[in-house]
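Keep the viewer open as you read.

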Amino acid sequence: MLRVGLTGGIGSGKSTVARRLVEHGAVLVDSDALAREVVAAGSEGLAEIVGTFGPELVGPDGELDRPRMASVVFGDPAARDRLNAIVHPRVRRRSDELIATAPDDAIVVQDIPLLVEGRMSPAFPLVVVVHADAEERVRRLVGSRGMPEDDARARLAAQADDADRRAAADVILDNSGTPAELEAAVDELWARRLVPFEENLRLRRTVRSGSPRLVDPDPEWPAQAARLAARIALVAGDRGLGVEHVGSTAVPGLPAKDVIDLQLAVRSLDDADALAGALGEAGFPARPDIDRDRPKPVDPDPEHWAKRFHGGADPGRLVHLHIREAGSAGWRYALLLRDWLRADAGACAEYLAMKRRAERECADDPDPERYAEMKEPWFDAALPRAERWAESSGWRPPLA
Ligand code: ADP
């Protein structure tokens with residue numbers, strides 16, 4: 001099963017996307033519909049609203065008087081919080097019930113208008129945002145839905161801005177064009193990403209990188225890493241001591257293999273083992289075949305380089321997750337090298353030249369291990385330089 005969080009500003013085209021995904025076979029959990037259901041006439045939710053806000057909130061037909069409810073909470077954050085405390089837990093419970101009855105191989109799409117505002121995005125293995133410019137959205141709301149223009153503008157203004165939504169998005173579906181163009185984009189997303197992602201998750205299969213290919217640095221890498229790190233930190237809970245973006249994509253300006261390397265620090269690898277199943281469900285299945293880094297000459301004890309390794313299941317994003325004990329040699333080394341390369345442009349250029357040589361030599365070699373091995377001697381020689389830099393700059397690893 002894959003759970004996808006779907007969101008977008010009002011009028012962006014969320015419902016249109018949700019409909020198309022359902023045509024492909026997605027199971028839709030529509031939080032707006034559930035929010036109406038849990039306070040429907042005769043419901044226990046409506047009884048609680050009456051208990052909190054008074055019987056005048058119910059119309060003669062026994063239904064919640066929505067315009068009246070809206071006027072009660074408008075401009076009164078405390079009242080809004082009380083209403084949300086009644087509605088939100090019930091919506092969550094109903095969502096969980098619906099998800100529990102979905103088939104094992106379902107792609108569940110949760111349409112949540114306020115997913116970003118509610119900071120819920122880390123709870124989803126994938127977040128899809130539908131985007132259209134604010135002016136275009138107003139035109140559509142007024143044109144096709146017949147909403148008064150002032151009303152449409154006021155609703156837009158009450159929501160997260162586009163930058164916040166973009167930051168939460170693994171996938172942005174641009175709905176600036178025609179409905180047919182949007183549908184084509186949804187069809188491609190379904191076939192190329194959601195279906196294989198679901199299958200990888202169900203089979204706890206990771207996406208592997210083939211022969212190494214260096215690409216120009218992508219300015220989106222840090223934001224992608226931040227999204228992945230938030231997911232991992234949520235799963236890790238108290239067992240996690242912090243998630244850091246490490247490896248080449250964490251060094252600004254450095255061409256690299258398009259892989260986001262992340263390091264989760266834990267107190268002991270027992271904690272890592274306890275997290276393995278939940279990380280797999282969240283999109284990061286374990287790769288037990290890789291259980292340590294190669295010991296470096298500075299510390300040849302293999303035990304000090306033990307780790308747990310997980311990959312990513314999303315075919316749209318290669319991820320390597322290294323789980324290491326805070327304070328261990330391997331943990332410190334990943335952070336030191338990153339920070340040294342960030343600080344020393346000359347070392348960075350040298351490292352890049354060596355990577356280019358390894359890339360050329362491994363161009364036809366699908367085994368990613370060989371490329372990694374070719375880089376090891378350079379690292380072995382570089383480590384004492386990085387240590388000297390640490391000493392002279394007073395560098396300390398984060399968390400230490
Ligand atoms: P949301 O669910 O995000 O509020 P909808 O999917 O209901 O948005 O779309 C808002 C309105 O705009 C609907 O009336 C819809 O039919 C219309 N619409 C959606 N996409 C387009 C498009 N690409 N071109 C024109 N109208 C569109």
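**A sheet and its helices**

In this predicted model, 4 strands come together as an open sheet with mixed pairing, in the order β7-β9-β11-β10. The edges are taken by β7 (243-246) and β10 (308-311); each has a single partner strand, so one side of each lacks a neighbour in the sheet. If you look at how neighbouring strands sit against each other, they are turned by 25° on average, direction ignored.

Now turn to the pair β9 and β11. Strand β9 (residues 259-266) runs parallel to strand β11 (residues 318-325), and 8 bridges join them. To find your place in this pairing, pick Leu262: its bridge partner in β11 is Leu321.

Two helices deserve a look next. Helix α11 (residues 269-281) packs on the sheet and touches β9, β10 and β11, with its direction at about 150° to that of β11. Helix α12 (residues 329-343) also packs on the sheet, where it touches β7, β9 and β11; its direction makes about 50° with that of β7.

Zooming out, the protein chain holds 14 helices and 11 strands. Its C-alpha trace spans about 80 × 45 × 40 Å along the principal axes. Of the 400 residues, 46% are buried. Among contacts between residues at least 6 apart in sequence, 73% join residues at least 24 apart.

What about the surface and the charges? The accessible surface of the protein chain is about 19,400 Å², and carbon and sulfur atoms account for 52% of that. The chain carries 54 positive and 68 negative charges, whose mean positions lie 2 Å apart.

Terms used
Residues are numbered from 1 along each chain as its sequence is written. This is a predicted model: local features need pLDDT of at least 70, side-chain atom pairs count only at pLDDT 80 or more; totals for chains, interfaces and linings use all residues. Side-chain values use heavy atoms; hydrogens and water are left out. Two strands pair if DSSP finds at least two bridges between them. Axes are lines fitted to C-alpha atoms, for helices over the stretch in contact, and angles run from 0 to 180 degrees between N-to-C directions. Contact means heavy atoms within 4.5 Å. Buried means under 20% relative accessible area, exposed over 50%, partly exposed in between (1.4 Å probe, protein chains only). Accessible areas come from the Shrake-Rupley method with a 1.4 Å probe; for residues, only the protein chains shown count as cover. Lys and Arg count as positive and Asp and Glu as negative; His and the chain ends are not counted. The place of a charge is taken as NZ of Lys, CZ of Arg, CG of Asp or CD of Glu.
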